[in-house]
Structures are given as structure tokens and as C-alpha cells.
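The sequence and the model are shown below.

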Amino acid sequence: MSRVAAIDCGTNSIRLLIADTAAQGAPGPLTDVVREMRVVRLGQGVDATGELAPEALERTFAAAGDYAGLIREHDAGRVRFVATSATRDARNRQVFVDGIRELLGVEPEVISGDEEAALSFAGASSVLPATGEDAILVVDLGGGSTEFVLGDSTGVIAARSVDIGCVRLTERHLRSDPPTAAQIAAAEADVDAALALAAQAVPLNRATAVVGVAGSITTITAHALGLSEYRPDQIHGASLDLETISDAATNLLEMTREERAALPYMHPGRVDVIGAGALVWRRILARLAEVSDGAISAAVSSEHDILDGIALSIRGAE
């Protein structure tokens, strides 16, 4: 066994996984030692300004410093730090890279959308049952981008990352509380354009099942299940019909921020952006139902995603 540390720094949150893993080439899942998430909103304003805001960098560096302490405390041997959409888009990303290197002693990797998609699939599929020849579509709905990854038991078939996410669409369109019909329509037009772009690379009609990962999707699942608190054990693996998911997403989209904040499973850092996440997930599932001629009638939520994929990639590189 070896102990590794994976950090996923996205547009909305920064997450840490310290895990024990079997040696290279050996089968077996990861065993969590520490799994943490902080909402730092690194992507604040990036869509409009093209730069990481000083206050967003400060929040992110503070969280990264705390994570460095946990990594030392738990004696993780190898560390991989991956940054995604917001950092890809920022002109001043070198400030971020230099700051993380100083805090953690590792070079943060600003990965491409395609690599992000592959890591997301690796993480989600690591805990899914074997599907034989069936093709599974993993959808990773983030703050700045969404990844569509089609794969089967042999690995990734096709993948595409597109620039729609809960933070990006909230800042771009959903400014009212609750959003207006015109704002919702403008956001949906962006999602539809992104879906058309994704479909150029990923044959969505080949998918026989869909798995959704990341905080927006798991929070929508918690809402659909009517949980009294955020319960990963009940959310992970939950399969819900598309109508139930759509109703829950619409409800979240139409709520005020105050109403969302009162939900017992709502993380404070998601209150202002979950409406956009709900809109994106609802629109994606409607499109999948259409292109599959109704073959896709449900979606599964997974608590395992790119963070697990990063940890698994460290094992594979040993």
C-alpha cells in the first residue's frame, strides 16, 4: 500500500483526497484517509475579466496552506495538484502556479479539458459495476466547465469539455433573485450551444446509461431525495428517473437564495450558483432523453469523480 494526496482546484471549490492505494498494477479501490472540500470561488469574475481576482487567489492559497498541513500530518508520499477551468482561462495564472508551488512544494498542473474529462471518467468508473459492452456517459458539471465522457470497460471512447458551469452561467446570466424568464432562456441557449459542440466529439446517442458527478449534481440529488442533511452514503449510487430530477432542478432554479440557504443539505458556497447548476443538469438530461429515443430514462449520481481519478493516476505513475 502507498499513501497519496490528490488536490482538485476548480472554479468554485478546492478539494483534497488523501488515500491509501494498492501498488502499481494491483487491483483494488482507494481507501479514504481524508476527504475535504472548501468553496473558494477561484473563478470569481474570470468569465468577464479573464483574470483571477486577488481576493479569490487569497482564499485559494489559504485553503491550500491548510491542505499542505494535512498532507504532512498524514504523511502522504506523493502529491498531485490539478487545476481546471478557471485557471485555464486566466491570463494571470502564473501568479496562481507560483503561489501553489511555494505552499505545497509541487507544480500545479493546469490540465486541458480533455484530460479533465478522462480523469473524471476514471474516478467515476472506478466504483461502478462492470457494464460489459455498454457505453456509459459520465457528466462532470463544474463551476466553469462541464465534461462529457463516453466510455466502457476498456476506457474512454470520446470526451469533450465545454465552457458551461454553475459559476460561469450565474455570473453571465442568472443575476436576479430568483432569475427571470429571459435570464433562464439566455442561459439555456448557452447550454444548448455547448451541447451541440460536445455532440461533435462525443456520440451522445451511443450512451446506454448516464452518471452525474460533482457538487451541483449531488446537491440536486439530495434535494430530489428530500434528505434531512447532506448524506454521501445515500446520494452515491442513487438512480432517479429523469422526471424526478427535472422537477427537483426546476424547484431549485425557481427558489430565492434565502430559500435555498435554508435547505439542510445545501453547502453555503453553493447557495448562489446551484440554480445555474440545476438548469444545466436539467437541460443535459432532456437532451440525452431526446437523442436516445427514451432509452435513457434515469441518471445515477456518484460521489466519486475527478478527485478519485487524480489519486488513481498517481498510483498508475508509480
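## Crossing of α7 and α12

In this predicted model, the crossing of α7 and α12 is right-handed. The two helices pack at an angle of about 50°, and their axes lie 10 Å apart, which makes α7 oblique to α12.

The contact draws on Ile184, Ala187, Glu188, Val191, Asp192 and Leu195 from α7, which meet Leu279, Val280, Arg282, Arg283, Ile284 and Arg287 from α12.

## Helix α10 and its surroundings

Helix α10 covers residues 242-254, and its 13 residues reach 18 Å from the first C-alpha to the last, close to the 18 Å expected at 1.5 Å a residue. At its N-terminal end the helix is capped by Asp241, a side-chain oxygen of which lies 3.1 Å from the backbone nitrogen of Glu243.

The buried residues of α10 are Leu242, Ile245, Ala248, Ala249, Thr250, Leu252 and Leu253. These buried residues pack against the helices α7, α8, α11 and α12, as well as against the strands β10 and β11.

## The setting of Asp308

Asp308 belongs to helix α13, which runs over residues 306-317. With a relative accessible area of 2%, Asp308 falls under the 20% cut-off and is therefore buried.

The side chain of Asp308 is joined to that of His304 by a polar contact of 2.8 Å. Leaving aside residues up to four places away in sequence, Asp308 touches Leu17, Leu30, Arg35, Gly123 and Glu303. Leu119 is 189 residues away from Asp308 along the chain, yet the C-alpha atoms of the two are separated by 8.0 Å.

Key. Residues are numbered from 1 along each chain as its sequence is written. This is a predicted model: local features need pLDDT of at least 70, side-chain atom pairs count only at pLDDT 80 or more; totals for chains, interfaces and linings use all residues. Side-chain values use heavy atoms; hydrogens and water are left out. Helices (H or I, at least four residues) and strands (E, at least two) are DSSP runs, numbered from the N terminus. The expected span of a helix is 1.5 Å times one less than its number of residues. Buried means under 20% relative accessible area, exposed over 50%, partly exposed in between (1.4 Å probe, protein chains only). Contact means heavy atoms within 4.5 Å. A polar contact is a pair of N or O atoms within 3.5 Å; within protein, one must be able to donate a hydrogen and the other to accept it, and residues adjacent in sequence count only if both atoms are side-chain atoms. Axes are lines fitted to C-alpha atoms, for helices over the stretch in contact, and angles run from 0 to 180 degrees between N-to-C directions. Angles under 35 degrees count as roughly parallel, over 145 as roughly antiparallel, 65 to 115 as roughly perpendicular and the rest as oblique. A crossing is left-handed if the near helix is turned anticlockwise from the far one by less than a right angle, and right-handed if clockwise.
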